[in-house]
Amino acid sequence: MSENNRLRIAIQKSGRLSKESQKLLKSCGVKFNVNEQRLIVHADNMPIDLLRVRDDDIPGLVMDGVVDLGIIGENVLEEEQIERQTLGKPAECVKLRELDFGACRLSLAVPNEFSYENASSLEGLRIATSYPNLLRRYMQEKGINYSDCMLKGSVEVAPRAGLSDGICDLVSTGATLEANGLYETDVIYQSMACIIQSAEEQEPGKQALIDKILSRMNGVVRARESKYILLHAPRETLDQIVALLPGAENPTVLPLNDDTDRVAIHAVSTEDLFWDTMEELTALGASSILVMPIEKMAG
Ligand SMILES: Nc1ncnc2c1ncn2[C@@H]1O[C@H](COP(=O)(O)OP(=O)(O)OP(=O)(O)O)[C@@H](O)[C@H]1O
Ligand SMILES: O=P(O)(O)OC[C@H]1O[C@H](OP(=O)(O)OP(=O)(O)O)[C@H](O)[C@@H]1O
Ligand SMILES: [Mg+2]
């Protein structure tokens, strides 16, 4: 691949997605060092450049074919897609996969003293938001009239500042709403981070590199969601024990030296093993239970 045909990946410069995006790419074997001042980072070991930008710019850069891939919150992607469709601008891109970080929801919230019964309680309100398109789509679906107040930041202080009656903003733990005397009424969009590709056809070498990165990403995410479990179990409760291991359909069962009544089980579980399950396993006679993280998975 020639110098001017390197794969370009847009990631958030700084914010909620930036560290996780860098970590994910590093786990996929892309080696790079980020200099906080630099917009472009050249990978050391692959023909890949990272563009560090505001997250709002990422969908447009991908849809315009300026970069090949982008890591972005689905909330920002969907908002930009509706915006561009409204303006008749290119709004095509391919969502390659959802990622395992950036979980949040876009919700409507009102001050604690507001009495909310159902979505119609919002009729005629002024709502502050950074997501006017997702808000409009939801309110149109519900047939509610409202006016909006566009704010790029500090949306949750708008009602107290007298700028709006309610807000439509991102929520994760709910701590920001609580700190600002607001409560959540309607969840209008559930979001995760995702990786997107430009809809333009790629030159075969570049597409092969995209496929390689995506396949590694699938392995990394799968490994992060999985655990390697080892334990000793009585033969007589083997089936019950295996049934308790989440997602481990085909465990390896091995004999134990000098103990014909017990076996060793090795299993990959697609979920974490919670303390409650560990205790149930022990109650069924399991012992020497080890739960270990998996670094990489392929095939
Ligand atoms: N509280 C949260 N918990 C988890 N994910 C979140 C949370 N808030 C936002 N996100 C996700 O992270 C993305 C980036 O959030 P962030 O607050 O860093 O954006 P920003 O302030 O718009 O950044 P930028 O300076 O890049 O424009 C959001 O669009 C959303 O997908
Ligand atoms: O429900 P919570 O867990 O409190 O999270 C919600 C907050 O997180 C995001 O802001 P962030 O902290 O990323 O800062 P920002 O104001 O720069 O967007 C979002 O805009 C909310 O304000
Ligand atoms: Mg932003």
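Here is a walk through this predicted model, stop by stop, with something to select at each one.

Before you click: local features here need pLDDT of at least 70, side-chain atom pairs count only at pLDDT 80 or more, and totals for chains, interfaces and linings use all residues. Residues are numbered from 1 along each chain as its sequence is written, while chains are lettered from A and ligands numbered from 1 in the order in which they are written.

**Stop 1: the whole thing**

Show everything as a cartoon. The C-alpha atoms fill a box of roughly 75 × 60 × 35 Å along the principal axes. Buried residues make up 29% of the 299. For that label, C-beta atoms are placed from the backbone: a residue is buried if 20 or more other C-beta atoms lie within 10 Å of its own, exposed if 12 or fewer, and partly exposed in between.

**Stop 2: colour by domain**

Colour 3-98 + 193-223 as domain 1, 104-191 as domain 2 and 226-293 as domain 3; the bounds come from an automatic or database domain assignment. Taken over C-alpha atoms, the centres of domain 1 and domain 2 are separated by 30 Å. Their contact takes seven residues from domain 1 and eight residues from domain 2, where contact means C-beta atoms, placed from the backbone, within 7 Å. On the domain 1 side, α3 gives the most, with six residues.

**Stop 3: the largest nonpolar core**

Now select I9, A10, V62, V67, I71, I72 and I196. Of the 27 residues in the largest nonpolar core, these touch the most other members. (A nonpolar core is a set of buried Ala, Val, Leu, Ile, Met, Phe, Trp, Tyr and Cys residues joined through C-beta atoms within 7 Å.) The elements giving two or more residues to this core are β1 (7-12), α1 (18-27), β3 (48-53), α2 (58-63), β4 (69-73), α3 and β11 (193-198). Apart from this core lies another, of 20 residues, with L108, I127, L135 and V155 among them.

Zoom in on V67. Leaving aside neighbours within four places in sequence, V67 is in contact with R8, I9, A10, L51, L61 and V62. A10 and L51 are also bridge partners: β1 and β3 run parallel over six bridges (strands pair if DSSP finds at least two bridges between them). On to β2 (residues 40-42), which pairs with β3 in the antiparallel sense over three bridges. Here V41 has L50 as its bridge partner, and five residues separate the two strands of this hairpin.

**Stop 4: the five-stranded sheet**

Next, pick out the open, mixed sheet with strand order β8-β7-β9-β6-β10. Its edge strands are β8 (147-150) and β10 (182-191), and the twist averages 30 degrees from one strand to the next. Helix α3 (residues 74-87) packs on this sheet, touching β6 (104-111), β9 (166-171) and β10, and its direction makes about 75 degrees with that of β10. Axes are lines fitted to C-alpha atoms, for helices over the stretch in contact, and angles run from 0 to 180 degrees between N-to-C directions. At the β8 end, four bridges join β7 (residues 126-129) to β8 in parallel; R126 has S147 as its partner.

**Stop 5: the four-stranded sheet**

Finish with the antiparallel open sheet, ordered β13-β14-β12-β15. β13 and β15 each have a single partner strand, so one side of each is left without a neighbour in the sheet. The twist averages 20 degrees from one strand to the next. β12 (residues 227-234) and β14 share eight bridges, and K227 stands opposite S269.

- D258 is in the loop between β13 (252-256) and β14 (259-269). Its phi is near 65 degrees, a positive value in a residue other than glycine. D258 counts as exposed because it has 5 C-beta neighbours inside 10 Å.
- S288 lies in β15 (residues 287-293). Its phi is also positive, about 50 degrees, although S288 is not a glycine. S288 counts as exposed, with 11 C-beta neighbours inside 10 Å.

Notes
Contact = placed C-beta atoms within 7 Å.
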